[in-house]
Amino acid sequence: MIAIVCLEERKGMQFGGRRVSRDRVVTEKICELCEGKTLWMDPASEKLFAEQEESGNVTIQAAEDFLKQAGEGEYCFVENTGLQAVEEKMEQIVVFWWNRHYPSDRKLDLELSKWNKVSEEEFAGYSHEKITKEVYEK
């Protein structure tokens, strides 16, 4: 399984019940990454990808237990749940970092220093002038 998360600088995933992950450029990049494969997610995340799914750019599979259902090599977009329980199952983590501090009530529950960073790319998002994409492997 390949996990995809969007984080603010202190590893926050949600703040005040709102998602950090809302940026249309990031959504497009996630769909490009998952091209030809299924993108698993919680049903609450589906609306972020509705336009991309309608245009055929990505195949969405939403389920409450999506982290358990996703198999080897499949992508999981994670914004409202922890990953620690499935860390052993994960092959990669793709992190989109916002260059901002937001208050957060849900943070990534993994220690990225235990993973190897294999790539890094900076780009301008729609709502943020700088977003950094990092890819980690075991």
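User: Leaving aside its neighbours within four places in sequence, which residues is Leu-39 in contact with?

Analyst: This is a predicted model with residues numbered from 1 along each chain as its sequence is written, and in it local features need pLDDT of at least 70 and side-chain atom pairs count only at pLDDT 80 or more, while totals for chains, interfaces and linings use all residues. Side-chain values use heavy atoms, with hydrogens and water left out. Taking contact to mean heavy atoms within 4.5 Å, and setting aside neighbours within four places in sequence, the partners of Leu-39 are Ile-4, Ile-30, Cys-34, Phe-49, Val-58, Thr-59, Ile-60, Gln-61, Tyr-75, Cys-76 and Phe-77.

User: Which residues of the largest nonpolar core touch the most other members?

Analyst: A nonpolar core is a set of buried Ala, Val, Leu, Ile, Met, Phe, Trp, Tyr and Cys residues joined through side-chain atoms within 4.5 Å, where buried means under 20% relative accessible area, exposed over 50% and partly exposed in between, with a 1.4 Å probe and protein chains only. The largest such core has 24 residues, and those touching the most other members are Ile-4, Val-26, Ile-30, Leu-39, Phe-49, Phe-77 and Phe-96.

User: Which element gives the most to this core?

Analyst: Helices (H or I, at least four residues) and strands (E, at least two) are DSSP runs numbered from the N terminus. At least two core residues come from each of β1 (2-7), α1 (24-33), β4 (38-41), β6 (75-77), β7 (92-98) and β10 (131-137). With 4 residues, the element that gives the most is α1.

User: Which residue of β7 stands opposite Leu-7?

Analyst: Two strands pair if DSSP finds at least two bridges between them. β1 runs parallel to β7, joined to it by 6 bridges, and also pairs in the parallel sense with β6, over 3 bridges. On the β6 side, Ile-4 stands opposite Phe-77, while in β7 the residue opposite Leu-7 is Trp-97.

User: Which are the edge strands of the open sheet?

Analyst: The open sheet has 7 strands with mixed pairing, in the order β5-β4-β6-β1-β7-β10-β9. Each edge strand pairs on one side only, and these strands are β5 (59-62) and β9.

User: What is the centre-to-centre distance in the aromatic pair of Phe-49 and Phe-77?

Analyst: Rings of Phe, Tyr and Trp (its six-membered ring) pair if their centres lie within 6.5 Å, and planes under 30 degrees apart count as stacked, over 60 as edge-to-face and the rest as tilted. A search of the whole structure finds 2 such pairs. With 75° between the planes, Phe-49 and Phe-77 form an edge-to-face pair, and the distance from centre to centre is 5.1 Å.

User: Over the face of which residue does Lys-29 lie?

Analyst: A charge sits over a ring if NZ of Lys or CZ of Arg is within 6 Å of the ring centre and within 35 degrees of the ring normal. Arg-24 lies over the face of Tyr-126, at 3.5 Å from the ring centre. Lys-29, at 4.6 Å from the ring centre, lies over the face of Phe-123.
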